[in-house]
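Subject: Structure for your review

Dear colleague,

Please find below the structure that I am handing over to you. My notes on what was found in it follow directly after.

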Amino acid sequence: MTGATEGRAPTSAGLSGRVAVVAGGTRGIGLAVVYALAGQGVSIVVNGRDKAAVDDTVAEVRGGGGYAVGVCGSAGSDGVAEEMVEAALEHFGALDIAINCAGIAEPAGATVLTISSADFRAQLDAHLLSAFHLTQAAGRVLVEQGSGSIVLTGSAASLGMFGGSGYPAAKGGVNALALAANADLSPRGVRINVVMPGAKSRLSSGDDYKRHIESLHTRGILDEMTRDLALDPAPPEYVAPLYTFLAGDAADHISGQIFSASGGFIGRFEPQQASFVAYRDHQDSAPYSLVELAEILR
C-alpha cells in the first residue's frame, strides 16, 4: 500500500462522504473516474500496477483537496482486491463504491488462430478476473451493510465487431458476471452495472491500433462511421460522469444494466432474448430431423 492517510471526506449531499475503490485508476478511463469521484467529495482507494503512477494519482487527488490512498498491484491477482477493500475500511472507515477499470491491450494483430494460451489467460486475468476479485471482495462488505454500488467495465469488443480473441472473450465474461452477480446481490441492497466505454486511451491509440481498425474496415466488418469514431474517440472525461452517476444514490433504481457510452452518446442494452424460430412439444413429438432444421433455419 502507498500514500496512506487517515480521515474521510466530510459528509454532505450527493456522493460527498462516500468511499470508493477504483481498480485501474491511474490511467485513461480509470484516472478520469478517480478525478470525477474526487470532485464529488468521494474518498478513494486508487489501484494500479505501476507504483509511481499510483503515487502520482494519490498526490494529485490530495493536491486538489481530496482524500486518497493507494494500493499497488494487478487487481487480477489474488489478494489485491482484498487489500483495496481493507485499505478503504482502515483509512476511511467505510466502503460504498467499487469500480473496475483495470485492463491491458491485446497483443497487436492477435486472432483466435494466433494468440498464445499465455496471452489469452493474461487477458482473462486483467479484465475478467479483476472484475471477479473486486466484485467478490467489495460485495462481501456491501452485502453485509445492505447497500453499495459496483460498476464494471465492459467493451463493445464483446459483440465481436472489433475482432481479437482474449480481449472480447474476457469482456463478454464481464457482462455475464455482472448479470449473474446482480441476481445474487441486488436483493441484498447491492447494485451492479456495466459500462462499455469508448474513449481515447492507451488501448485505443497508437499505430498498431490504427492498423487494426483500418483492417476491420477494409474487410467489411466495420462501416465507415464506426471506423471514424473508433479512430477519433472522445477523451475519457466524457464517459467518467456515467460511472460517477451509477455509483451514487441518484441511480438507486438502476441495477443489472449494461450501458454503452462514447463521447456524447449513451446507450442501454436490452436484456438478451431468444427470438422465436420453432416449437413442438417433446412429450408427443420426435426430435427435429436434419431436413426439418434445414427448412426451419433457411
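Leaving aside neighbours within four places in sequence, which residues is Ser165 in contact with? The model is a predicted one, and in it Ser165 touches Glu106, Thr111, Val112, Ile115 and Phe120. Ser165 itself is placed in the loop between β5 and α5. With a relative accessibility of 8%, Ser165 counts as buried, because the limit for that class is under 20%.

One of these contacts can be followed from the other side. Val112 belongs to the loop between β4 (97-100) and α4. Beyond its neighbours within four places in sequence, Val112 is in contact with Gly164 and Ser165. Val112 is exposed, with a relative accessible area of 65%, whereas Ser165 is buried.

The sheet

The strands form an open sheet of 8, in the order β3-β2-β1-β4-β5-β6-β7-β8, and the pairing is mixed. The edges are taken by β3 and β8; each has a single partner strand, so one side of each has no neighbour in the sheet. From one strand to the next the twist averages 20°.

At the β8 end, β7 (residues 258-262) and β8 run antiparallel and are joined by 4 bridges. Ser262 has Phe265 in β8 as its bridge partner. Helix α2 packs on the sheet and touches β2 and β3, with its direction at about 170° to that of β3.

In soluble globular proteins, nonpolar side chains tend to be buried together. Here the largest nonpolar core has 36 residues, and those touching the most other members are Val21, Val45, Met84, Leu95, Leu134, Ile150 and Leu152. At least two residues of this core come from each of the strands β1 (19-23), β3 (68-72), β5 (148-153) and β6 (190-198), and likewise from each of the helices α3 (80-92), α4 (117-145) and α5 (166-185).

What does Leu134 touch, not counting residues up to four places away in sequence? Its contacts are Val21, Ala23, Ala81, Met84, Ala98, Ile99, Asn100 and Gly139.

Leu134 also takes part in the packing of two helices. Ala81, Glu82, Met84, Val85 and Leu89 in α3 meet His133, Leu134, Ala137, Ala138 and Val141 in α4. The two helices, α3 and α4, pack at an angle of about 35° with their axes 8 Å apart. The crossing of α3 and α4 is right-handed.

The salt bridges

How many salt bridges does the model contain? The count comes to 5, and three of them are described here.

Asp50 and Arg27 form one, with 3.3 Å between the closest N and O atoms. Asp50 lies in the loop between β2 (43-48) and α2 (51-63), and Arg27 in the loop between β1 and α1 (28-39), so this pair ties together parts that are 23 residues apart in sequence. Asp50 is partly exposed at a relative accessible area of 31%, and Arg27 is partly exposed at 38%.

Asp55 and Lys51 form another, at 2.8 Å from N to O. Both residues lie in helix α2, 4 residues apart, which is about one turn of the helix. The relative accessibility of Asp55 is 27%, which counts as partly exposed; for Lys51 the value is 46%, also partly exposed.

Arg280 and Glu292 form a further one, their closest N and O atoms being 2.9 Å apart. Arg280 sits in the loop between β8 (265-268) and α9 (290-296), while Glu292 is in helix α9, so the pair ties together parts that are 12 residues apart in sequence. Arg280 is partly exposed, with a relative accessible area of 29%, and Glu292 is partly exposed at 30% relative accessibility.

With kind regards

Key:
Residues are numbered from 1 along each chain as its sequence is written. This is a predicted model: local features need pLDDT of at least 70, side-chain atom pairs count only at pLDDT 80 or more; totals for chains, interfaces and linings use all residues. Side-chain values use heavy atoms; hydrogens and water are left out. A nonpolar core is a set of buried Ala, Val, Leu, Ile, Met, Phe, Trp, Tyr and Cys residues joined through side-chain atoms within 4.5 Å. Buried means under 20% relative accessible area, exposed over 50%, partly exposed in between (1.4 Å probe, protein chains only). Contact means heavy atoms within 4.5 Å. A salt bridge is a side-chain nitrogen of Lys or Arg within 4 Å of a carboxyl oxygen of Asp or Glu. Two strands pair if DSSP finds at least two bridges between them. Axes are lines fitted to C-alpha atoms, for helices over the stretch in contact, and angles run from 0 to 180 degrees between N-to-C directions. A crossing is left-handed if the near helix is turned anticlockwise from the far one by less than a right angle, and right-handed if clockwise.
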